[in-house]
Structure formats: C-alpha cells, structure tokens
Amino acid sequence: MTGTAGANGSTVSTVTADVARAADAAGAAGGPGRRTVFLLAHTGRRAAIRSAELVVQGLLKSGLGVRVLEYEARDMPLPPEVELVAECTREVLEGCELLIVLGGDGTLLRGAEFARGSGVPMLGVNLGHVGFLAEAERDDLDKVVDRVVTCAYEVEDRMTLDVLVRSNGDIVHHDWALNEAAVQKVSPERMLEVVIEIDGRPVSGFGCDGIVCATPTGSTAYAFSAGGPVVWPEVEALLMVPISAHALFAKPLVTSPDSVLAVEVQTGVPHGVLWCDGRRTLELPAGARVEVRRGAVPVRLARLHHASFTDRLVAKFALPVSGWRGAPH
C-alpha cells in the first residue's frame with residue numbers, strides 16, 4: 001500500500017495489486033489472510049437484490065469471501081459459502097477489507113454509520129437518485145468487482161462531526177454525523193428562536209426553521225438545500241447554514257475546521273429537535289445548547305476514479321455546460 005498526500009494534508013492510500021496477490025495466495029492456502037468483503041444492501045428494492053447477487057457471484061468466483069447480514073440474506077438467493085452474521089455492529093466488520101454498500105443516500109449513510117470507527121473503507125454503489133457518497137452507479141457493477149478483486153482503489157478519509165448537547169449546563173447527549181447535524185423546529189406554526197455562536201463568541205440571534213452544521217461532504221446534502229455553499233471535499237472547514245431565518249444577517253458561514261459551532265435554543269419558546277444525518281434524532285428542550293466540532297473519527301471512503309469533484313458535481317446535478325471551450329493550450 002502506498003500513500004500520497006491529499007490537498008488537505010490527509011493521506012490518500014493506494015492499494016496495489018501486489019497486496020491482492022499476496023492475500024489471494026494466503027487464502028488459497030487456507031491461511032488467515034483470505035480477503036473478505038462485507039456487503040450491505042437495501043434489500044427492499046428489487047434492483048438492489050439483483051445487484052447484490054451479481055456482486056456476490058463475482059467476488060466468490062475470484063476467491064474472495066463475502067459476509068452478509070442474516071436478515072438481508074433472507075431476501076437474496078445467496079450461495080451457501082456466503083458468511084452470515086446476526087447483528088449490524090462494528091465488530092462484525094473485523095477481518096473485512098472493504099464494506100460495499102448498494103442503495104441510495106439513506107443506505108449509504110447507514111453504511112457510514114456501520115463502518116465508522118472500524119477502519120474499514122466503504123465503497124458505495126448508487127441505486128438511488130443523486131448519491132454523492134457513492135463511487136459507482138448500477139451499470140458499473142462489473143467494474144466494481146474487478147477493482148475490488150485487483151485492489152485497484154484508493155482510500156480517503158472524510159471529516160465527520162462530533163455533536164454534544166447540554167441542558168442546564170449538564171451534558172445529556174453525544175452524537176456524530178458525516179453530513180450534518182441539524183437543529184430544527186418541531187412546531188410548524190412557530191419559529192425556533194436561537195442564538196448562534198462561533199468559538200465561544202455570539203454571532204447573532206433570530207427566529208428560523210432551523211440551523212444546519214455541516215462538513216464539506218455534507219455541503220451537497222441538507223446544507224445545499226438550505227442555500228449553503230458547495231465546498232470541495234478536500235477543503236477542511238465547517239459550515240453553519242440557517243434555514244428560513246427571519247433576520248437581516250443570516251448568511252451561511254464557513255469556519256476553520258478547528259472551530260466550535262454552537263446553537264442555543266432560547267428559553268421560554270417552543271423546543272427543537274436535533275437530527276444527525278437524518279438518521280438519529282433527539283428532542284431539545286428550551287434552553288438546550290448544541291455544540292458541534294470536528295469529529296475525532298473520520299469515515300473512510302474507497303475511491304475507484306480520479307475524476308475531479310467538479311465533474312462529479314456537473315454529473316450529479318446535470319448542470320448545463322454546453323458551449324464550454326476550456327482554457328487555451
């Protein structure tokens with residue numbers, strides 16, 4: 001495995017075919033070095049079931065082991081050599097080289113939740129709509145299998161958020177997010193009254209529908225829908241984006257990755273709710289304080305392509321670029 005420095009100073013690891021050959025040799029000899037891939041799929045979709053079957057067949061044919069959750073396997077006609085595990089915990093990823101996730105944005109975030117802290121990279125195959133976290137599309141399954149078998153992929157670390165909630169000065173909740181932590185109103189007829197803070201200093205207070213605190217990865221998700229900027233993933237920064245704020249100054253803010261962002265829900269007003277990646281939620285009483293900082297544990301993503309994020313942005317949003325001539329040579 002070789003490493004190259006990314007634009008943000010992080011290390012992008014390149015897995016070589018020599019590593020694959022050594023692992024295959026160990027596996028053929030019955031040794032402990034047999035390569036294993038964990039497969040996670042949205043089996044509620046027929047397309048995901050068929051895609052999972054194709055991926056499993058390709059990996060097994062090439063001598064790799066495949067591990068699948070029992071309750072997902074019930075929906076898929078899998079060969080008996082597939083290893084089944086009962087629970088969706090980090091521990092069941094032990095010994096796995098890669099986590100392949102088949103599905104839409106929700107399934108990919110579920111995969112990130114699954115893989116975080118295990119050190120196992122996640123390779124997403126988009127079966128949904130936009131799928132910014134995905135590295136491949138449904139039509140690329142053969143290529144995905146080939147790249148995994150030959151170890152022709154890179155691994156990059158994506159910044160996460162650590163989220164802390166205080167009530168009456170006491171810490172009442174810890175959480176994390178890959179995309180965003182959003183403080184939102186609960187009552188549709190009443191705005192949420194908040195004061196926002198950066199690095200221990202107040203910035204402004206206003207009524208709004210909510211506040212999104214996001215990573216660069218999450219800049220194309222909820223923060224984008226709320227009017228925030230698109231931030232290239234190699235940029236290290238934190239974002240704070242107000243949602244429908246009733247104020248003259250309620251602009252998206254981009255801060256240092258070492259900043260601490262805070263949202264205080266005012267006392268004497270309707271309570272709010274905290275959503276992390278749209279998957280985990282916590283009711284926030286009036287007076288609650290939500291603090292967001294750079295996460296201590298990144299999520300590792302496997303990359304198959306060297307295409308620029310600009311090209312990915314244009315493709316995912318179908319942006320009109322006809323008429324572009326490019327810089328003169």
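Residues are numbered from 1 along each chain as its sequence is written. The model is predicted, so local features need a pLDDT of at least 70, side-chain atom pairs count only at pLDDT 80 or more, and totals for chains, interfaces and linings use all residues, while side-chain values use heavy atoms, with hydrogens and water left out.

**Confidence**

The predictor's confidence in each residue is given as pLDDT, on a scale from 0 to 100. The protein chain has an average pLDDT of 88, and 90% of the residues score at least 70. For residues 1-11 the pLDDT is below 50, and this stretch has 20 contacts in the model beyond near neighbours in sequence. Residues 16-31 also have a pLDDT below 50, with 18 contacts beyond near neighbours in sequence. A contact means heavy atoms within 4.5 Å.

**Residue N179**

Helices (H or I, at least four residues) and strands (E, at least two) are DSSP runs, numbered from the N terminus. N179 is found in the loop between β11 (170-177) and β12 (180-185). The relative accessibility of N179 is 8%, so this residue counts as buried; the term buried means under 20% relative accessible area, exposed means over 50%, and partly exposed lies in between (1.4 Å probe, protein chains only). When neighbours within four places in sequence are left aside, the contacts of N179 include L109, L161, C213 and D277.

**Aromatic pairs**

Rings of Phe, Tyr and Trp (its six-membered ring) pair if their centres lie within 6.5 Å; planes under 30 degrees apart count as stacked, over 60 as edge-to-face and the rest as tilted. By this rule there are five aromatic pairs. Two of these pairs are listed below.

| Pair | Centre to centre | Angle between planes | Class |
|---|---|---|---|
| F38 and F114 | 5.2 Å | 80° | edge-to-face |
| F132 and F309 | 6.0 Å | 40° | tilted |

F38 belongs to strand β3 (residues 36-41) and F114 to helix α4 (residues 105-115), so their pair ties together parts that are 76 residues apart in sequence. F38 is buried, at 0% relative accessibility, and F114 is buried at 4%.

F132 lies in the loop between β7 (122-126) and β8 (136-137), whereas F309 lies in helix α7 (residues 309-316); their pair therefore ties together parts that are 177 residues apart in sequence. F132 is buried, with a relative accessible area of 11%, and F309 is buried with 13%. Both residues belong to one aromatic cluster, formed by F132, F224, W232, F309 and F317.
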